[in-house]
Amino acid sequence: MPSWRKGKRIGYCLNDKKKKKLNFQGFEDLCRQRGYEVIEIDLAKPLCEQGPFDVIIHKLSDLILESSYDSQSHQLIHDFQTYVETYSSIILLDPFPAVRLLLDRFESYRLLQDFQKQDSCIFSPPYVELNSGTGREAVARIREQGLTFPLICKTRVAHGPSSHEMALIFNEEGLGEVSAPCLLQSFVNHDAVLFKVFVVGSSHFVVRRPSLKNFPRGESARRSIFFNSHSVSKPESCSRLTELDEATLEPTPPSDNVICRAMRGLRSTLGLSLFGVDLIVEKQTGRCAVIDVNAFPGYEGVPEFFSALLNHIETLLESHEQAARARVLVAEYSLHQQASHVDKAQESTHDTNLRAPWLANSLETPKSAPAESSFFTFAVLPAVLSRH
Ligand SMILES: Nc1ncnc2c1ncn2[C@@H]1O[C@H](COP(=O)(O)OP(=O)(O)OP(=O)(O)O)[C@@H](O)[C@H]1O
Ligand SMILES: O=P(O)(O)O[C@H]1[C@H](OP(=O)(O)O)[C@@H](OP(=O)(O)O)[C@@H](O)[C@@H](O)[C@@H]1OP(=O)(O)O
Ligand SMILES: [Mg+2]
Ligand SMILES: [Mg+2]
């Protein structure tokens, strides 16, 4: 067994629904077969009594959201965060700030807009944030930003049952029916096909799902349509809203090249290992739009999820161990350098019998050490480590 695997403990914190949907027991079994200890974390007990942990997997989105208005949840999140900061070698999948960002569509859609400026392989449909009042108050901004009907209205909060309640708005009158905080996004015709990209570290898996049908572009007299996103884009979804009015060719999935580039960029922009990205292909242009990003999604239709997750964990454990070993070697090396500087300096003071007062200080902090250490880290260490 490699040393980076020996005695390692994987903690997890998932609610019952998530454990059941993922069949998480299967992942526990896989980890135990490979020699890991797996611990289900009980948030009601102090973490230090349950640790130590090398890795913690969680979906604490409920608690993170509640922590903004509930003091007990705030304390739990605070304690959890303090614990992982104290034991900084713990690999947390995923860090709270990165997860928190995805719970707020205002934050995450802003980030997607910035992302498309850096990398135009995908685009994020234009939108307007509505902080207060009804959609009517946003009419001027909608025009200014060049948004066209239909619009899709999404709640600001991106997680939890009510976050999946949405509306399709076809005219100004319909805007009066939506209330803040929410965002209004241009609807993109995409032939009712959604591509869910499930990311696990550096791997990703594409799954096809049903999606909303096409609607004529521009303002129309149609009444708003209120729907739950889970009734249109789950594998088993069966809704009139996903039935195309006329037969069309199946849309071509985004190319591997586009998906790989976009996921590589999003992974580093978001700072997450476990996330899902919803992509659609614009009917008129063939461009690929990102319409949603979810933290630790369901991975439904990805039979390789458990092995990919464990591979990702093992990659992280191995690189953590290498980094820790490198730090020890650098520390040992610089101690050794300091000692030899002291010996040399003492020899020369004995020789000349001239010991200037400034020499004592310069001996305590040998100036050449950092440069030599970095030379050692970059030039010598890799060779040393590869022999270990
Ligand atoms: N801009 C858009 N243009 C066209 N269709 C869209 C757009 N945004 C969302 N949709 C459709 O609405 C559905 C729900 O939107 P979205 O994915 O944002 O909701 P969600 O509730 O966050 O979904 P999830 O369950 O994946 O978290 C999508 O699956 C897609 O069918
Ligand atoms: O199970 P969870 O509570 O994490 O639900 C997540 C759900 O997974 P499921 O497949 O288990 O329903 C995800 O669906 P897929 O993208 O995978 O289709 C997606 O809807 C997330 O947004 C949900 O997260 P939440 O809205 O709750 O943050
Ligand atoms: Mg979605
Ligand atoms: Mg979502």
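Arg287 is partly exposed, with a relative accessible area of 42%, where partly exposed lies between buried (under 20% relative accessible area) and exposed (over 50%), using a 1.4 Å probe and protein chains only. Arg287 forms a salt bridge with Glu282, their closest N and O atoms being 3.5 Å apart; a salt bridge is a side-chain nitrogen of Lys or Arg within 4 Å of a carboxyl oxygen of Asp or Glu. Glu282 is buried, at 12%.

This is a predicted model, in which local features need pLDDT of at least 70 and side-chain atom pairs count only at pLDDT 80 or more, while totals for chains, interfaces and linings use all residues. Residues are numbered from 1 along each chain as its sequence is written, chains are lettered from A and ligands numbered from 1 in the order in which they are written, and side-chain values use heavy atoms, with hydrogens and water left out.

**Salt bridges**

- The model has a count of 21 salt bridges.
- Glu28 and Arg32 join their side chains in a salt bridge at 3.1 Å, N to O.
- Glu28 and Arg32 are 4 residues apart in helix 2 (residues 25-33), so about one helical turn separates them; helices are DSSP runs (H or I, at least four residues) and strands are runs of E (at least two), numbered from the N terminus.
- Glu28 is buried at 8% relative accessibility, whereas Arg32 is partly exposed at 39%.
- A salt bridge of 2.8 Å, N to O, connects the side chains of Glu314 and Arg34.
- This pair links distant parts of the chain, 280 residues apart: Glu314 lies in helix 11 (residues 305-352) and Arg34 in the loop between helix 2 and strand 2 (37-40).
- Glu314 is buried at 8% relative accessibility, and Arg34 is partly exposed at 25%.
- A network of salt bridges links Arg5, Arg34 and Glu314.

**Surroundings of ligand 1**

- Ligand 1 is surrounded by 24 residues, each with a heavy atom within 4 Å of the ligand; the closest are Lys154, His164, Ser211, Ser229 and Ser233.
- These residues divide into 10 nonpolar, 9 polar and 5 charged.
- Strand 13 gives the largest share of the shell, 3 residues.

- A backbone N or O atom of Ser186 is 3.0 Å from a nitrogen atom of ligand 1.
- A polar side-chain atom of Lys196 lies 2.9 Å from an oxygen atom of ligand 1.
- In the side chain of His230, an N or O atom lies 3.0 Å from an oxygen atom of ligand 1.
- Of the 610 Å² of accessible area that ligand 1 has on its own, the protein covers 96%, by the Shrake-Rupley method with a 1.4 Å probe.

Key:
Polar contact = N/O pair within 3.5 Å; in protein donor to acceptor, adjacent residues only side chain to side chain. Nonpolar A, V, L, I, M, F, W, Y, C, P; charged D, E, K, R; others polar.
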